[in-house]
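Here are a few friendly notes to read with the model open beside you. Take them one at a time, and find each place in the picture as you go.

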Amino acid sequence: MPSRNVETLLRLAGEADYADLTSEQTNRAAIDAYSPSFTLLEPPSLPQAGLFHGRGEWQAMHDRMRALWQQKLTVEKRWDIPCENVVAMRTTMEWTANATGRSASWPTIELLWFDGEARIDHIEIFHSDTALILTTLDDETRAAAAAACDPSYTTPAHAALAVDPPSPSRNLLAYRAMQHAAEFEDDITSDKSRQAMWDNFTDDYEIIEPASLPHGGVYSGREEWASMNATMRSLWNQKVRPLHVWDVPDDDLIILYSEMEWTARATGKTVTFPAVELLFYTDEKISKVEMFLQDTQVILGTLEP
């Protein structure tokens with residue numbers, strides 16, 4: 001039985017036109033589903049970057065976005081977390097830039113918080129690779145977006161630290177044990193953290209990292225993960241503060257919503273940003289991870305002098 005929050009999303013899907021995400025039809029359907037206090041957080045490197053409050057600001061952002069791209073969206077999966085009035089939605093997006101005709105397609109995670117009336121109150125967007133999106137644009141638009149980019153980040157009020165459910169799954173207990181054994185909030189790339197993760201991965205573990213990053217790609221097995229991790233920690237010092245650990249036992253899944261801090265070793269530049277990780281479990285060990293960092297372009301910027 002879907003929750004009222006999922007029913008809102010199903011109704012929105014029926015009224016919108018996801019084959020044309022920026023159409024007036026989709027626009028009207030979205031506004032009807034939003035609460036009066038609705039807020040949207042878009043990645044800082046994109047031309048439509050920022051935190052938008054209310055339907056009016058969202059409309060202005062939406063107009064800016066559809067002036068740049070034709071967009072399609074396919075909903076693949078919805079994970080309902082009714083105890084926090086949250087739905088995590090995995091989609092595939094395809095954007096075609098109006099000026100260049102260049103297209104790109106990628107997976108996205110949308111986190112949707114709902115109010116007491118099952119209206120959408122907050123949305124955060126996690127594209128798998130914002131640097132990929134920017135390649136569809138012309139040079140002038142990309143340069144303007146880069147000049148306007150503000151990578152500063154403050155944890156939104158709705159994303160404050162949460163508590164675990166009263167009856168955690170064995171997967172969630174395994175995650176908390178790994179977290180206790182590691183030192184994620186001090187140094188996720190430390191030997192102690194690496195060992196804790198190694199011990200909690202299956203032999204055929206797979207991780208998908210954003211392609212634009214120096215350590216981007218798909219890595220199969222713990223040895224490949226260790227090699228990727230060595231590359232990553234040669235470039236950055238990293239800290240991770242888990243804020244929400246959403247337990248989805250029916251899919252053997254933990255959805256991890258964190259605040260990350262990455263400092264480039266070569267330049268000393270630091271950025272803080274949110275991230276979503278999909279942690280799939282097999283026999284209480286992590287068998288697959290998909291990474292959704294808020295903005296890969298901002299991360300790449302720390303490497304530049």
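Predicted model: local features only at pLDDT ≥ 70, side-chain atom pairs only at ≥ 80, totals over all residues.

1. Glutamine 71 has a relative accessibility of 1%, so it counts as buried, the cut-off being under 20%. You will find this residue in strand β3, which covers residues 69–81.

2. What is glutamine 71 in contact with, once its neighbours within four places in sequence are left aside? The partners are Tyr18, Ala19, Asp20, Leu21, Thr22, Met65, Glu94 and Trp95.

3. Now move to histidine 244, in strand β9 (residues 236–248). Histidine 244 is buried as well, because its relative accessible area is 2%. A polar atom of the histidine 244 side chain lies 2.9 Å from the backbone oxygen of alanine 160. Setting aside neighbours within four places in sequence, histidine 244 is in contact with several residues, including Glu84, His158, Ala160 and Tyr257.

4. Next, have a look at a pair of helices. Helix α7 (residues 191–199) packs with helix α8 (residues 222–235) at an angle of about 155 degrees, and their axes are 11 Å apart. Angles over 145 degrees count as roughly antiparallel, so that is how α7 runs relative to α8. The crossing of the two helices is right-handed.

5. Which residues of α7 and α8 make the contact? From α7 come Asp191, Arg194, Met197 and Trp198. Helix α8 brings Arg222, Glu223, Trp225, Ala226, Asn229, Ala230 and Arg233.

Key:
Residues numbered from 1 in each chain as written. Heavy atoms only, no water. Axes fitted to C-alpha atoms, helices over the stretch in contact; angles between N-to-C directions. Helix = DSSP H or I, 4+ residues; strand = E, 2+ residues; numbered from the N terminus. Parallel < 35°, antiparallel > 145°, perpendicular 65-115°, else oblique. Left-handed = near helix turned anticlockwise from the far one by under 90°. Contact = heavy atoms within 4.5 Å. Buried < 20%, exposed > 50% of the residue type's maximum accessible area, 1.4 Å probe, protein only. Polar contact = N/O pair within 3.5 Å; in protein donor to acceptor, adjacent residues only side chain to side chain.
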